[in-house]
Amino acid sequence: ETEYGLLVTLFSLTMVVPVLPLQMVFAQQTARALAADRQAQLARMIRRSALALVLLWLVWAGIMTLFHRQLLEAWHVQNPMALWMTLVALLGALLLPVLWGLLQGKQDFFSLGISMILTAAGRFGGAAFIVLVLGGWAAGIMTAVVLGFALAIGFSAYATRELWTGHGEAFRSRELLAQVVPLMLGFGACQFLFTADTM
């Protein structure tokens, strides 16, 4: 029962990330760039955005590292690996919607569907194996979540490689921020209200 309660808390932590606005914005930006033949601007925008998300995650990781003992005690974590796997899963939760937005924007719905299936299969298959065979409990299930993210991110990055590799040109970063920030704050506030009690 303790492990189940912890697992619900860790899932809630990964659900705080507002993934839907990221996917919506990158789908729209990709479709617009492809229609206007501005792939070089799109490539730089994707790389810069991914870097910004990784930097945001590093800040998050620093805060979690700073307060990890308090988090372990507050959430009654027996195996600290559960917390660290959740931290890695948060990086996946930030990056995967960007890639799904690219797939959606270039209208590659077949690859988008495969990526979604991979993330679910990785989570479910990995969790079943780790828990039933290895007795991994909450840390094991969070490891399976990371596996699902890794499979989906790897496949999606390969399927969209022509969009984010190659020569890059300057893009309107303020326009992108004006589109992303209000959506992230709005969706993020709602998701935080839904998950704060569980955390």
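User: Does aspartate 108 count as buried or exposed, and at what relative accessibility?

Analyst: Aspartate 108 counts as buried because its relative accessibility is 18%. Buried means under 20% relative accessible area, exposed over 50%, and partly exposed in between (1.4 Å probe, protein chains only). Please note that this is a predicted model, in which local features need pLDDT of at least 70, side-chain atom pairs count only at pLDDT 80 or more, and totals for chains, interfaces and linings use all residues. Residues are numbered from 1 along each chain as its sequence is written, and side-chain values use heavy atoms, with hydrogens and water left out.

User: Where does aspartate 108 lie?

Analyst: Aspartate 108 lies in the loop between α5 and α6. Helices here are DSSP runs (H or I, at least four residues), as are strands (E, at least two), numbered from the N terminus.

User: Which side chain does aspartate 108 meet in a salt bridge?

Analyst: The side chain of aspartate 108 meets that of lysine 106, at 3.9 Å from N to O. A salt bridge is a side-chain nitrogen of Lys or Arg within 4 Å of a carboxyl oxygen of Asp or Glu. Side chains of opposite charge can pair when their charged atoms come close. Aspartate 108 also makes a side-chain polar contact with the side chain of serine 111, at 2.8 Å. A polar contact is a pair of N or O atoms within 3.5 Å; within protein, one must be able to donate a hydrogen and the other to accept it, and residues adjacent in sequence count only if both atoms are side-chain atoms.

User: How many salt bridges does the structure hold?

Analyst: The structure holds two salt bridges. Through shared partners, salt bridges join Lys106, Asp108 and Glu162 into one network. Lysine 106 is partly exposed at 23%, and glutamate 162 is partly exposed at 43%.

User: New topic: what does threonine 86 touch?

Analyst: Leaving out residues up to four places away in sequence, threonine 86 touches Leu10, Leu13, Thr14 and Met142, where contact means heavy atoms within 4.5 Å. Threonine 86 has its place in helix α5 (residues 81-105) and is buried, with a relative accessible area of 0%. Its side chain reaches the backbone oxygen of alanine 82 at 2.7 Å.

User: What is the volume of the largest pocket?

Analyst: The volume of the largest pocket is about 440 Å³. Of its 17 lining residues, those closest to the centre are Ala52, Leu53, Leu177, Val180 and Val181. On a 1 Å grid over the protein atoms alone, a pocket is an open set of points with protein on both sides within 12 Å along at least five of seven lines, and lining residues have an atom within 4 Å of a point. Grid points are joined across faces, edges and corners, and a volume is the space filled by probe spheres set on the points.

User: Which helix gives the largest share of that lining?

Analyst: The largest share, eight residues, comes from α9.

User: Is glutamine 107 buried or exposed?

Analyst: Glutamine 107 counts as exposed, at 61% relative accessibility. Its phi is near 60 degrees, a positive value in a residue other than glycine.

Definitions and conventions: On a 1 Å grid over the protein atoms alone, a cavity is a set of points where a 1.4 Å probe fits but cannot get out, and a pocket is an open set with protein on both sides within 12 Å along at least five of seven lines; lining residues have an atom within 4 Å of a point.
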